[in-house]
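Welcome, and thanks for taking a look with me.

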Amino acid sequence: MSKLAKIIRMEFRLTVANRVFIVLTILGPFLIAAVTILPGLLSTSVAGMGAKATKIALLGADRRFVQEISPALLQSKIEVSAVQGSVESLDSQVKAGAYDGYLVMPPDFSEVTRLEYVSKNSADFRVMGVLQGVIGKAIVAQRLVKAGIAASQVASLTQLPGFEMRQLTQGGERKENSDFITILVTGLTLAMLLYMTVVLYGQVIGRSVLTEKTNKTVEIMLSSVRPMELLFGKILGKALASLLQYGIWVTVSAAVLKLIGPRIGISIGVGLSMSTLAYLVLFFILAFFLYCSLYAALGAASEDEQHLGQLAWPVIIFLVIPVVMITSIISTPRAPVIVALSLFPLTAPIVMFLRILVGAAEPWEILVSIGLIVATTAAVIWLSARIFRVGILMTGKRFKFLDVLRLVRYR
Amino acid sequence: MIELQSVSKSFGQVRAVDTISFATREGEIFGLLGPNGAGKSTIIKMIMNILAPDSGSILFDGSPIRESDKDRIGYLPEERGLYRKVKINEMLLYLASLKNADRSAVEKRLDEWLARFDLAEWKTRTPEALSKGMAQKVQFIASVLHDPEFLFLDEPFSGLDPVSTDVLREAILELGRRGTTILFSTHNMEVAERICSRILVIDHGREVISGSLADIKSRYGHNTVAVEFDGAIDFGSLAGMVRNVSRFPRWVEVELLEGASPQTLLKCLVGQVSIRRFEVVSPSLHNIFVELVGGAGKTGSERMSG
């Protein structure tokens with residue numbers, strides 16, 4: 001076995017045997033599942049959460065109208081009742097808790113342009129949305145009936161047609177249904193995965209390189225191996241450990257969602273084609289190693305953890321930029337700035353992935369982008385090996401940039 | 001064989017190593033001596049290719065050190081460090097494996113060394129609870145576990161208790177007898193005197209003296225006499241005969257001037273004090289070191305005008 005392989009094995013074992021790593025590996029899928037399922041539960045099915053029905057008073061409403069709309073509202077756990085009286089008396093009833101809110105109904109539906117919903121809860125968007133949908137639709141239907149259209153025809157006449165997109169590419173038709181939301185979600189998935197990984201493992205690798213210095217083990221290691229071997233070994237060992245963790249997470253999460261998901265009425269449609277998935281994995285791994293090597297360089301350059309934290313934050317900006325620009329990347333994927341960002345190694349993984357999803361990346365651009373990421377990763381590791389060596393001599397004092405350049409030239 | 005040819009190294013304005021040349025012979029124990037900050041560690045780091053010299057060359061068997069040569073070298077750096085979370089036996093086996101050493105032989109040697117340094121019970125524990133001296137012994141084991149041909153030890157004795165010092169000294173001597181070429185740095189002259197065959201004394205990066213211990217002692221052996229006595233000596237009466245007197249509580253070490261004979265001194269002293277021991281000795285390395293590096297008036301020695 002080569003010395004590099006031995007270092008990789010040692011670093012892998014050190015990482016995997018760590019208690020935090022084990023706990024995270026076990027809890028991770030549950031966290032992921034919780035994060036994926038909870039919003040679904042909260043937004044779609046309040047019933048599942050055991051919440052009480054929301055009581056809404058409809059001030060001045062017609063009893064027949066209330067009967068008409070209440071079944072639809074009950075599905076969303078909203079109980080409506082027609083009441084008569086003054087706004088003031090209802091205000092006090094809502095304050096006292098007899099109702100969760102009330103809606104002032106106009107006497108004549110044909111002229112109304114807006115309805116006022118009064119509630120104690122300022123962010124009652126869910127109730128508001130449901131009321132708007134059900135009551136708004138009922139009002140429009142009444143207007144149409146009044147205008148002489150048969151009540152049975154109203155539903156089909158007011159139905160909006162659904163839209164589908166079919167994109168033509170040089171390679172032929174794309175079968176994938178790549179609508180804006182799917183691309184956005186897929187792109188954000190990569191961005192979030194990278195962000196999480198960089199924050200978690202980038203720091204781990206940076207710290208591991210740093211402790212090699214602060215632990216004073218570095219001289220012993222360098223009496224046996226090259227600085228490059230040591231750094232490559234550290235990065236690869238930790239990277240493999242984290243990829244193993246990701247593999248476990250993804251497998252278990254998928255299994256959990258597949259088993260439990262249907263029972264609680266939630267389906268997660270990960271509508272990814274094989275090629276998209278391949279690109280996702282490819283760019284994730286490329287970016288992962290690039291950022292790991294950057295953190296290794298920072299670990300080599302810093303002299304304590306605090307210093308490492310200070311040096312490390314600008315790195316994250318390059319992950320945030322593509323996320324902030326995500327809509328412009330999707331809508332104008334061939335703009336010069338976007339093309340430049342898709343070639344610049346630090347932003348390339350996310351930006352180029354999005355451009356591929358939109359179908360606006362030429363094959364040569366993809367190749368150049370990948371080539372640049374790989375070359376940069378190698379260059380950064382080479383550089384950090386140099387800095388590492390410099391760092392040994394410089395322990396205890398901050399070295400200037402020029403020192404680094406001078407010592408980078410060392411044999 | 002390790003050979004340094006006019007090697008220099010500066011850190012900013014400080015000339016840490018100034019045109020140092022020496023060569024070790026196969027199977028010898030070579031001592032690199034000097035006070036704190038003399039440049040000993042810098043020299044060893046340059047030999048290990050951790051630092052690059054500004055000028056001069058370092059040859060390992062006649063050519064610059066190659067990556068493959070590292071497997072034949074054992075190195076104990078001045079700064080000690082172990083992975084805190086790794087068990088001692090795993091750490092040691094790992095380090096030996098990075099030297100491409102045969103695993104089964106290493107495992108056997110590991111047990112022997114741990115027993116020798118009284119560390120057997122620590123074998124499967126992490127070094128977090130080790131004392132500084134114990135950690136140092138573990139690191140010494142790390143430097144010899146792959147049975148290297150060359151051993152570079154930077155201050156191997158610093159911080160060790162007397163028993164551990166003895167054990168380590170015996171271990172180094174034994175390795176030397178088995179043919180390992182050993183280069184070590186120290187400012188502990190007593191230890192150096194007992195185990196080195198040749199030495200290089202440096203101060204402020206420059207060579208002060210080098211050669212075999214025997215040669216140096218005879219060169220600096222100005223007819224030194226150790227006298228143990230009761231009573232008080234009038235050192236003024238010895239002027240013209242004595243170069244230097246080192247006073248110890250019960251005895252003195254007297255360096256005679258050229259031409260003065262121990263006989264004359266003895267005659268002179270007989271009248272003054274009752275002598276219990278009178279011995280012509282070679283000067284201790286300590287005294288030579290202090291004379292060469294520390295100058296006069298330090299550590300109990302006193303220079304007589306004469």
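**Notes for a first look**

1. From helix 10 of chain A, the residues A:Thr276, A:Tyr279, A:Leu280, A:Phe283, A:Leu286 and A:Ala287 meet A:Pro349, A:Met352, A:Phe353, A:Ile356 and A:Leu357 of helix 14 of chain A. Sorted by class, this contact has 10 nonpolar residues, one polar residue and no charged ones.

2. How do the two helices lie relative to each other? The axes of helix 10 (residues 274–301) of chain A and helix 14 (residues 348–358) of chain A come within 9 Å and cross at roughly 170°. Angles over 145 degrees count as roughly antiparallel, so helix 10 of chain A is roughly antiparallel to helix 14 of chain A.

3. Helix 13 (residues 336–343) of chain A is worth a look down its axis. Here A:Ile338, A:Leu341 and A:Ser342 are buried. The buried residues of helix 13 of chain A fall within an arc of 100° when seen down the axis, so they line one face of the helix. Turned away from that buried side is a face with the exposed residues A:Pro336, A:Val337 and A:Ala340.

4. Now to the place where the chains touch. Chain B brings 23 residues to the contact and chain A brings 18. On the chain B side, strand 5 (73–76) and helix 2 (88–97) of chain B are the elements that give two or more residues. Which of them gives the most? Helix 2 of chain B does, with three residues. By class, the side of chain B that touches chain A has 14 nonpolar, two polar and seven charged residues.

5. For chain B as a whole, the model shows nine helices and 14 strands. Its C-alpha atoms fill a box of roughly 70 × 45 × 35 Å along the principal axes. Chain B has 306 residues, of which 36% count as buried. Among contacts in chain B with a separation of 6 or more, 71% join residues 24 or more positions apart.

6. Finally, a word on confidence. The model scores ipTM 0.77 and pTM 0.71. Chain B averages a pLDDT of 85, and 95% of its residues score at least 70. Over residues 296–306 of chain B, pLDDT stays under 50, and the model has 27 contacts beyond four places in sequence for them. Where pLDDT is low, predicted coordinates should not be read in detail.

Methods:
Residues are numbered from 1 along each chain as its sequence is written. Chains are lettered from A and ligands numbered from 1 in the order in which they are written. This is a predicted model: local features need pLDDT of at least 70, side-chain atom pairs count only at pLDDT 80 or more; totals for chains, interfaces and linings use all residues. Axes are lines fitted to C-alpha atoms, for helices over the stretch in contact, and angles run from 0 to 180 degrees between N-to-C directions. Helices (H or I, at least four residues) and strands (E, at least two) are DSSP runs, numbered from the N terminus. Angles under 35 degrees count as roughly parallel, over 145 as roughly antiparallel, 65 to 115 as roughly perpendicular and the rest as oblique. Two residues are in contact if their C-beta atoms, placed from the backbone, lie within 7 Å. Ala, Val, Leu, Ile, Met, Phe, Trp, Tyr, Cys and Pro count as nonpolar, Asp, Glu, Lys and Arg as charged, and the others, Gly among them, as polar. A residue is buried if 20 or more other C-beta atoms lie within 10 Å of its own, exposed if 12 or fewer, and partly exposed in between; C-beta atoms are placed from the backbone. The arc is that of the directions from the helix axis to the C-beta atoms. pLDDT is the predictor's confidence in each residue, from 0 to 100.
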